[in-house]
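Visitor: Could you walk me through how to read the packing in a model like this one? I would like the general idea each time, and then the case at hand.

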Amino acid sequence: MGKVVMYSTVSVDGFIADENDQPGPLFDWLSSGDVPLDESGELKVSQTSYDYTRPYWDQIGVTIAGRHVFDITDGWDGKPPSGIDHVVVVTHRPMPEGWDPEAPFHFVDGVEAAMAKAQELAGDRMVEVAAGDVGGQMLAAGLVDEVRMDVVPVVFGSGKRYFGSVGAQHLLEDPDVVIQGNRVLHLRYRVRR
């Protein structure tokens, strides 16, 4: 099985979106450089951010996200983001009406079932867990190996928390990666077991 990584871009004060699910300037670093991050050419980052982010994206086999993220992105129009093979959506509701059952999206009930499905689909590739409520639940359940965050120099004051509603302390190791890009600090922590 591959590594399980919880990830998102985050404000300095720990938010992944404002109260209205808007990212504000959180993704500005994805257009602050001159190196294309994907084939679209829309995402352009610094060489430093490219050297960190592109290999990470290439390792991801499956992303796990909550139904809320799926709904606000309109299911990424049926195509997993960043060239990822599959998305597992944690939800208590069925797939949306009219959703293409052949699309590489899998709707499951609960974080343990989501992780089992994601690991089955990913094989030895990485499983990425979107930060927020689902990510926090996975961390609390002991299902996350590593926490990655791209910290952007902005303070939101309130909004959607990186770790969701985690109500207990969880220790992380010292950061084993700290890389400064343009308008972003890339951090990686192993979860202490």
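Visitor: How many aromatic pairs does a search of the whole structure find?

Guide: Happy to start there. The model is a predicted one, and a search through the whole of it turns up eight aromatic pairs. One of them joins Y7 and Y56, with 5.6 Å from centre to centre and 55° between the planes, which makes the pair tilted. Y7 sits in strand 1 and Y56 in helix 1 (residues 47–59), so this pair links distant parts of the chain, 49 residues apart. Both Y7 and Y56 are buried.

Visitor: Why is the pair of F70 and F105 edge-to-face?

Guide: Look at the angle between the ring planes. An angle over 60 degrees counts as edge-to-face. For F70 and F105 the planes are at 65° and the centres 5.9 Å apart, so the pair falls in that class. It also ties together parts that are 35 residues apart in sequence, because F70 lies in helix 2 (residues 67–72) and F105 in strand 7 (residues 105–108).

Visitor: Are F70 and F105 buried or exposed?

Guide: The cut-off for buried is under 20% relative accessible area. F70, at 3% relative accessibility, is buried, and F105, at 4%, is buried as well. Ring pairs also join F70, W76, W99, F105 and F107 into a cluster.

Visitor: Now the core. Which residues of the largest nonpolar core touch the most other members?

Guide: First the general idea: in soluble globular proteins, nonpolar side chains tend to be buried together. Here the largest nonpolar core has 28 residues, and I64, M138, V144, M149 and Y162 touch the most other members. Elements giving two or more residues to this core include strand 1 (4–11), strand 5 (60–66), helix 3 (111–122) and strand 9 (146–152). Helix 3 gives the largest share, five residues. There is also a second, separate core of 17 residues, with V5, L30, W57 and I60 among them.

Visitor: What does M149 touch, not counting residues up to four places away in sequence?

Guide: M149 touches Y7, S8, V10, Y162, F163, L185, H186, L187 and Y189.

Visitor: How should I read helix 3? Which of its residues are buried?

Guide: Begin with its length, then ask which way its residues face. Helix 3 has 12 residues and reaches 16 Å from its first C-alpha to its last, close to the 16 Å expected. Its buried residues are V111, A114, M115, A118 and A122. They cover an arc of only 95° around the axis, so they lie on the same side of helix 3. The face turned away from that buried side carries the exposed residues E112 and E120.

Visitor: What covers the buried residues of helix 3, and what follows the helix?

Guide: The cover includes strand 1, strand 5, strand 6, strand 7, strand 8 and helix 4. After helix 3 comes G123, with a positive phi near 65°.

Key:
Residues are numbered from 1 along each chain as its sequence is written. This is a predicted model: local features need pLDDT of at least 70, side-chain atom pairs count only at pLDDT 80 or more; totals for chains, interfaces and linings use all residues. Side-chain values use heavy atoms; hydrogens and water are left out. A nonpolar core is a set of buried Ala, Val, Leu, Ile, Met, Phe, Trp, Tyr and Cys residues joined through side-chain atoms within 4.5 Å. Buried means under 20% relative accessible area, exposed over 50%, partly exposed in between (1.4 Å probe, protein chains only). Helices (H or I, at least four residues) and strands (E, at least two) are DSSP runs, numbered from the N terminus. Contact means heavy atoms within 4.5 Å. Rings of Phe, Tyr and Trp (its six-membered ring) pair if their centres lie within 6.5 Å; planes under 30 degrees apart count as stacked, over 60 as edge-to-face and the rest as tilted. The expected span of a helix is 1.5 Å times one less than its number of residues. The arc is that of the directions from the helix axis to the C-beta atoms.
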